[in-house]
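Welcome, and please open your viewer. We will go step by step, from the whole chain to a pair of side chains.

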Amino acid sequence: MLPDLTAAAHRYQVGGLLAMCRDRLINTLAGDNCVDTLRLADTLGDTELQQTAARFMAATYKHVCATQQYQHMVRSCSQDEQSARMLDAINVALTEALSSK
């Protein structure tokens with residue numbers, strides 16, 4: 001429901017609603033929804049949400065890797081340009097996380 005509302009707020013340029021949706025998506029990031037959130041951010045061209053989701057995934061990488069959503073994204077990477085972009089974003093976040101330690 002929230003992803004659909006976010007997409008509608010983006011499509012119809014309802015800035016206040018979009019900001020509330022983005023905040024809610026960020027505050028509810030979890031291993032079972034972060035791939036979908038990253039996909040939504042990529043679809044909408046929302047760089048802030050995309051970076052936040054990718055950083056979350058990098059920070060919880062072991063848990064995220066075990067999810068069906070992540071495994072599906074990896075399997076479809078060679079056939080799906082969006083999945084490839086999403087993996088690139090995760091790799092950037094992982095690299096940043098590792099270099100800051």
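**A tour of the model**

Start with the cartoon view and follow the chain from the N terminus: the elements run α-α-α-α-α-α-α. That comes to seven helices and zero strands. Keep in mind that this is a predicted model.

Next, zoom out and show the C-alpha atoms. They fill a box of roughly 35 × 35 × 20 Å along the principal axes. How does the radius of gyration fit with a compact globule? For 101 residues such a globule would have a value near 13 Å, and the protein has 13 Å, so the two agree.

Of the 101 residues, 36% count as buried.

You will find 9 positive and 11 negative ones, and the centres of the two sets lie 4 Å apart.

For the last stop, select the cysteines. A disulfide is a covalent bond between the sulfur atoms of two cysteines. How many disulfides does the structure hold? The count is zero. Click on Cys34: it is in no disulfide, and its nearest cysteine sulfur, in Cys65, is 9.6 Å away. A disulfide needs sulfur atoms within 2.5 Å, so the 9.6 Å between Cys65 and Cys34 is too far for a bond.

While both are selected, are they buried or exposed? Cys34 counts as buried because its relative accessibility is 0%, while Cys65 is partly exposed, with a relative accessible area of 22%.

Technical notes: Residues numbered from 1 in each chain as written. Predicted model: local features only at pLDDT ≥ 70, side-chain atom pairs only at ≥ 80, totals over all residues. Heavy atoms only, no water. Helix = DSSP H or I, 4+ residues; strand = E, 2+ residues; numbered from the N terminus. Rg over C-alpha atoms; globule rule 2.2 N^0.38 Å. Buried < 20%, exposed > 50% of the residue type's maximum accessible area, 1.4 Å probe, protein only. Lys, Arg positive; Asp, Glu negative; His and termini not counted. Charge placed at Lys NZ, Arg CZ, Asp CG, Glu CD.
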